[in-house]
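Thanks, everyone. Let me put the structure on the screen and walk you through it.

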Amino acid sequence: MADANIRIPAEARDRLAEIAAGEHLSLRAYLSRLAQDLLTPAERAERAEQARQVLEEWNGYDPDATHTASLDAELDRRLSEAAGR
């Protein structure tokens, strides 16, 4: 695989390098692992749909868009409240 150069602020690079060193990894290895471990938005959506299907098969839970939006809003509210503490 070919290497790539990515321009980021030096502070971000240094912080990532420090985090990587704390895990006994080079910055290159840390970023490679991060890229493999994190999900893309499409992958997250696919997993959410799979989870929804499993819940529906298991116990009939199948929220509509309005209910889902309400739950998302409540989660956002609680996260904002927790971050403010």
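A word on terms before the tour: helices are DSSP runs of H or I with at least four residues, strands are E runs of at least two, and both are numbered from the N terminus. This is a predicted model, where local features need pLDDT of at least 70, side-chain atom pairs count only at pLDDT 80 or more, and totals for chains, interfaces and linings use all residues. Residues are numbered from 1 along each chain as its sequence is written, and side-chain values use heavy atoms, with hydrogens and water left out.

Start with helix 3, residues 41–59. Expected span here is 1.5 Å times one less than the number of residues. Helix 3 has 19 residues and should span 27 Å; its end C-alpha atoms are 27 Å apart, so the two agree. Just after helix 3 comes Gly60, with a positive phi of about 80°.

Next, helix 4, residues 65–83. Helix 4 also has 19 residues, and its first and last C-alpha atoms are 27 Å apart, close to the expected 27 Å. What caps its N-terminal end? Asp64 does: a side-chain oxygen sits 3.2 Å from the backbone nitrogen of Thr66. For reference, a polar contact is a pair of N or O atoms within 3.5 Å; within protein, one must be able to donate a hydrogen and the other to accept it, and residues adjacent in sequence count only if both atoms are side-chain atoms.

How do helix 1 and helix 2 cross? The axes of helix 1, residues 10–22, and helix 2, residues 27–37, come within 9 Å and cross at roughly 90°. That makes the two helices roughly perpendicular. Axes are lines fitted to C-alpha atoms, for helices over the stretch in contact, with angles from 0 to 180 degrees between N-to-C directions. Under 35 degrees is roughly parallel, over 145 roughly antiparallel, 65 to 115 roughly perpendicular, and the rest oblique.

Who meets whom? Contact means heavy atoms within 4.5 Å. From helix 1 we have Arg13, Leu16, Ala17, Ile19 and Ala20; they meet Leu27, Tyr30 and Leu31 of helix 2. That contact divides into seven nonpolar residues, no polar and one charged. Nonpolar is Ala, Val, Leu, Ile, Met, Phe, Trp, Tyr, Cys and Pro; charged is Asp, Glu, Lys and Arg; the others, Gly among them, are polar.

Look at Leu16. Beyond four places in sequence, Leu16 contacts Ile8, Leu27, Tyr30 and Leu31. Leu16 is partly exposed, at 23% relative accessibility. The cut-offs: buried is under 20% relative accessible area, exposed over 50%, partly exposed in between, with a 1.4 Å probe and protein chains only.

In the loop between helix 1 and helix 2 sits His24. His24 is not a glycine, yet has a positive phi of about 60°. Most residues other than glycine have a negative phi. His24 is exposed, at 75%.

Last, Arg33 in helix 2. Arg33 is partly exposed, at 35%. Leaving out residues up to four places away in sequence, Arg33 touches Glu23 and Leu25.
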